[in-house]
Amino acid sequence: MLLNGLVAASSTVAATRSRLTKTQTLADLIGRLEPSEVAAAVGLLLGRPRQGRLGIGWRTVHKARPEPGAGSVLTVSDVDEAFSTLVGAHGTGSAAVRAQTLDRLLGRADVAEQDYLLRVMIGEMRTGALEGVLVDAAALATDTPKEIVRRAVMLSGDLGGTVRAALSGDDLTEVGLTPGVPVQPMLAGSAPSAGEATTGMGASSVEYKLDGARLQVHRVGGVVTAYTRSLADITDRVPDIAALVATFPGGDLVLDGETLALDESGAARPFQDTMSGLGRDAASALHVWFFDVLYGEGRSLIDEPLSVRREVLARVAGDHVIGGSVLPDADPAAAQAVLDEALARGHEGIVVKSLDSVYAAGRRGANWVKVKPVYTYDLVVLAVEHGSGRRSDWLSNLHLGARDPDGEFGEPGGFVMVGKTFKGLTDETLRWQTSHFPTIATGDDGHVMRVRPETVVEIAIDGVQRSTRYPGGAALRFARVKRYRTGVDAKPPSEADTIGAIRQLLPG
Ligand SMILES: Nc1ncnc2c1ncn2[C@@H]1O[C@H](COP(=O)(O)OP(=O)(O)OP(=O)(O)O)[C@@H](O)[C@H]1O
């Protein structure tokens with residue numbers, strides 16, 4: 001397929017708010033792709049080349065931009081090949097190879113194609129929200145139920161591969177959970193109180209919500225591998241946990257849990273300590289509690305109710321199962337008692353889970369509901385101001401954006417500014433952000449450095465007020481930085497909190 005077909009489809013998708021039009025446009029496009037082009041095309045559409053990061057900054061690209069060509073000659077495969085050359089170039093002479101590759105590629109592209117490629121190459125494409133639409137489009141193009149495509153993507157962790165398999169006529173229902181292949185974790189919705197979390201839930205498991213880092217641990221043929229929330233392999237940073245899981249009874253396993261640093265008295269330590277434990281070799285202070293099992297006793301358990309999974313978990317992980325209580329029916333007072341107990345032990349809150357529910361990989365829903373007494377939101381840094389006074393050498397004040405998936409207040413899939421903060425930044429965090437943001441800068445007027453919207457930061461607030469200054473009509477009150485969602489605790493911008501969630505806190 002010619003690149004310009006993909007660029008045209010992509011601009012149709014960006015120009016409409018109708019999910020149906022987006023889906024149909026992409027379904028048409030998918031229907032015209034050769035199976036061999038699918039992975040590259042999906043990568044281009046999502047702004048995430050299948051080769052991974054191309055290591056090209058906006059400066060290089062702005063310098064490198066040659067005169068546009070006539071267009072309509074580049075194919076998706078040409079682009080894919082050029083990207084492979086770019087990531088494959090190492091060592092002496094690699095700079096010249098990269099410059100030449102870039103020049104050849106862009107010299108054959110017209111203006112629209114150049115713009116598209118540049119945005120993909122520097123990672124400026126904001127299409128995280130497109131993943132769901134692509135799943136629907138693949139379902140439509142191959143006449144497969146959406147749920148089946150979605151499930152295959154979650155279980156294989158590979159959207160491009162799933163679309164290719166569907167196009168080639170493979171039976172996607174056969175894609176199952178495979179120990180060793182990490183799956184998107186199930187996520188929690190939220191409720192303002194224990195009472196509201198239990199409403200309508202029926203029998204539930206009310207668990208402590210530990211303020212650590214999510215860990216998915218696989219054991220295959222005795223070999224243990226641990227993954228973060230965003231499915232990065234961190235086995236070598238949690239050797240004690242890997243050794244512990246190696247001693248659990250039975251064969252292959254997939255466990256879901258939380259790792260946390262504890263002090264000598266057994267009390268939870270601040271979140272930063274967990275992170276530095278993961279960062280250094282001194283991982284011995286890290287403990288782990290499991291709250292779910294996805295594979296065990298010789299079979300996949302994701303379609304079993306939580307009640308069954310918890311029984312297996314108790315047999316497999318024994319003392320390492322997370323604390324909490326099982327409630328036979330909705331019982332606000334009992335759930336509140338578990339919340340009080342969790343807070344008294346220094347935990348963040350509780351997660352109330354329906355005992356009837358299956359493990360819905362990658363889903364945030366009503367079957368897991370978290371309750372935390374402090375409001376925290378994961379927002380995206382849109383820009384950062386150069387500091388003044390004591391902070392004049394640092395990048396300090398952050399401009400914070402909430403996700404706007406439907407384009408209610410701007411571009412669909414974009415971000416709406418809801419506030420600024422320089423509170424809560426430690427010297428270490430200031431140092432980190434001062435070196436990080438220039439690597440993703442898209443412009444700098446000497447006061448404000450604009451950055452690609454990809455850094456997620458967890459912000460605590462006291463509330464939200466009406467605002468005429470910000471386009472979403474909402475401004476954060478007393479925003480302060482809790483932590484960056486990077487590294488082991490990474491969260492992608494496509495999962496940041498939405499402007500809708502922030503506006504829910506508006507008074508009256
Ligand atoms: N008992 C538990 N059950 C499920 N998750 C738990 C539990 N204890 C701690 N967690 C953590 O809580 C997270 C869900 O809550 P929360 O939303 O506050 O965290 P998050 O990482 O910001 O967001 P997300 O819900 O998007 O994962 C899980 O990802 C997991 O890391």
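Student: Which domains does the chain have, and how do you know their bounds?
Tutor: The assignment gives domain 1 (3-172), domain 2 (187-371) and domain 3 (376-503); such bounds come from an automatic or database domain assignment. The model is predicted: local features need pLDDT of at least 70, side-chain atom pairs count only at pLDDT 80 or more, and totals for chains, interfaces and linings use all residues. Residues are numbered from 1 along each chain as its sequence is written.

Student: What makes domain 1 and domain 3 touch?
Tutor: Ten residues of domain 1 are in contact with 14 residues of domain 3, a contact being two C-beta atoms, placed from the backbone, within 7 Å. The domain 1 side of this comprises three nonpolar, three polar and four charged residues. Here Ala, Val, Leu, Ile, Met, Phe, Trp, Tyr, Cys and Pro count as nonpolar, Asp, Glu, Lys and Arg as charged, and the others, Gly among them, as polar. Taken over C-alpha atoms, the centres of domain 1 and domain 3 are 27 Å apart.

Student: Why is the set of 106 residues called a nonpolar core?
Tutor: A nonpolar core is a set of buried Ala, Val, Leu, Ile, Met, Phe, Trp, Tyr and Cys residues joined through C-beta atoms within 7 Å. Buried means that 20 or more other C-beta atoms lie within 10 Å of the residue's own, against 12 or fewer for exposed, with partly exposed in between; C-beta atoms are placed from the backbone. The largest such set has 106 residues, of which V79, L134, A138 and I350 touch the most other members.

Student: How do you know where this core lies?
Tutor: Domain 1 (3-172) and domain 2 (187-371) both contribute residues, so the core lies between them. Apart from it is another core, of 32 residues, including V381, A383, V384 and V451.

Student: What makes β4 and β7 edge strands?
Tutor: The open sheet has five strands, ordered β4-β3-β5-β6-β7, with antiparallel pairing. β4 (223-227) and β7 (299-300) each have a single partner strand, so one side of each is left without a neighbour in the sheet. Strands (E, at least two residues) and helices (H or I, at least four) are DSSP runs, numbered from the N terminus.

Student: How do you know that β3 and β5 pair?
Tutor: Pairing requires that DSSP finds at least two bridges between the strands.

Student: Which strands pair with β11, and over how many bridges?
Tutor: β11 is joined to strand β16 (residues 456-460) by five bridges, to strand β12 (residues 395-404) by five and to strand β15 (residues 448-451) by three. The antiparallel sense holds for β16, for β12 and for β15. Among the bridge partners, D378 has E458 in β16, A383 has H399 in β12 and E385 has V448 in β15.

Student: Is β11 mostly covered or mostly exposed, and how do you know?
Tutor: Mostly covered: eight of the eleven residues of β11 (residues 376-386) are buried.

Student: What is the pairing in the sheet that starts with β1?
Tutor: It is mixed, in the order β1-β10-β9-β2-β8. The edge strands β1 (187-190) and β8 (324-327) each pair on one side only.
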